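Visitor: I should like to understand the terms applied to this model. Please show me the sequence and the structure.

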Amino acid sequence: MAEGGVVALPEFKVKYRDVFSLRNLYIMLHELLLEEGWHGVEDQKDHEDIEILYSENVYQKGIHRGGKELWFWWRAQKFWEGKYSGYFINKLDIDAHVVYLQNVEVVHQGKKMTAQNCEIEMFFRAKILLDWQHHWDKHWMLKYVKPIYEKRIMHQEINRREKELWRDVYKIQSKVKQYLGLRT
């Protein structure tokens with residue numbers, strides 16, 4: 001149940017090590033979030049505000065296995081449609097950590113392509129924020145009624161929204177696994 005106005009889902013994780021196109025994975029995930037209605041924190045149309053961190057380090061082979069190390073953090077949000085739309089908002093944090101990244105050339109369908117040999121670990125953390133604009137918290141009387149309202153009246157609605165968010169995040173994770181050729 002909601003604690004402190006937040007309903008948090010368990011963390012989903014994908015870990016993979018092989019040769020694949022990191023660029024295509026990045027683009028596919030970005031487009032999937034757009035299709036599913038996820039937007040950045042500032043709700044820009046071009047989706048540039050979704051990525052809050054991109055870090056890249058290059059290591060020599062003498063230090064460890066060599067290659068690049070990448071981190072990228074995405075923060076997305078999705079507004080609810082319909083009843084209680086002003087009370088709920090979904091938040092999704094996607095953190096990816098890529099290590100031992102090295103470019104390799106592969107032949108795919110008779111064409112020479114550049115791909116990456118690396119290990120990637122992606123974390124998907126989702127949560128629902130209740131009264132995310134803090135209208136109830138700021139009101140002199142409603143702040144005392146809010147816990148009862150969420151436990152007694154909104155309980156079924158919160159559970160339904162939680163299941164929908166669970167399905168959305170699971171669908172995104174499944175698409176990533178499908179792209180990487182992992183079992184879903």
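Visitor: What makes strand 6 and strand 7 a pair?

Guide: Two strands pair if DSSP finds at least two bridges between them; strand 6 (residues 88–108) and strand 7 are joined by 19 bridges in the antiparallel sense, so they count as paired. Strands are DSSP runs of E with at least two residues, and helices are runs of H or I with at least four, numbered from the N terminus. D95 stands opposite F123 in strand 7. In the hairpin of these strands, which has two residues between them, Q109 takes a positive phi near 55°.

The model is predicted: local features need pLDDT of at least 70, side-chain atom pairs count only at pLDDT 80 or more, and totals for chains, interfaces and linings use all residues. Residues are numbered from 1 along each chain as its sequence is written, and side-chain values use heavy atoms, without hydrogens or water.

Visitor: Which antiparallel partner does strand 7 have through nine bridges?

Guide: That partner is strand 2 (residues 12–20), where D18 stands opposite C118 in strand 7.

Visitor: Why is V145 called partly exposed?

Guide: Buried means under 20% relative accessible area and exposed over 50%, with partly exposed in between (1.4 Å probe, protein chains only). V145 has 34% relative accessibility and is therefore partly exposed. V145 lies in helix 3 (residues 142–153).

Visitor: How do you know that the span of helix 4 agrees with expectation?

Guide: The expected span is 1.5 Å times one less than the number of residues. For the 26 residues of helix 4 (residues 155–180) this gives 38 Å, and the end C-alpha atoms are 38 Å apart, so the values agree.
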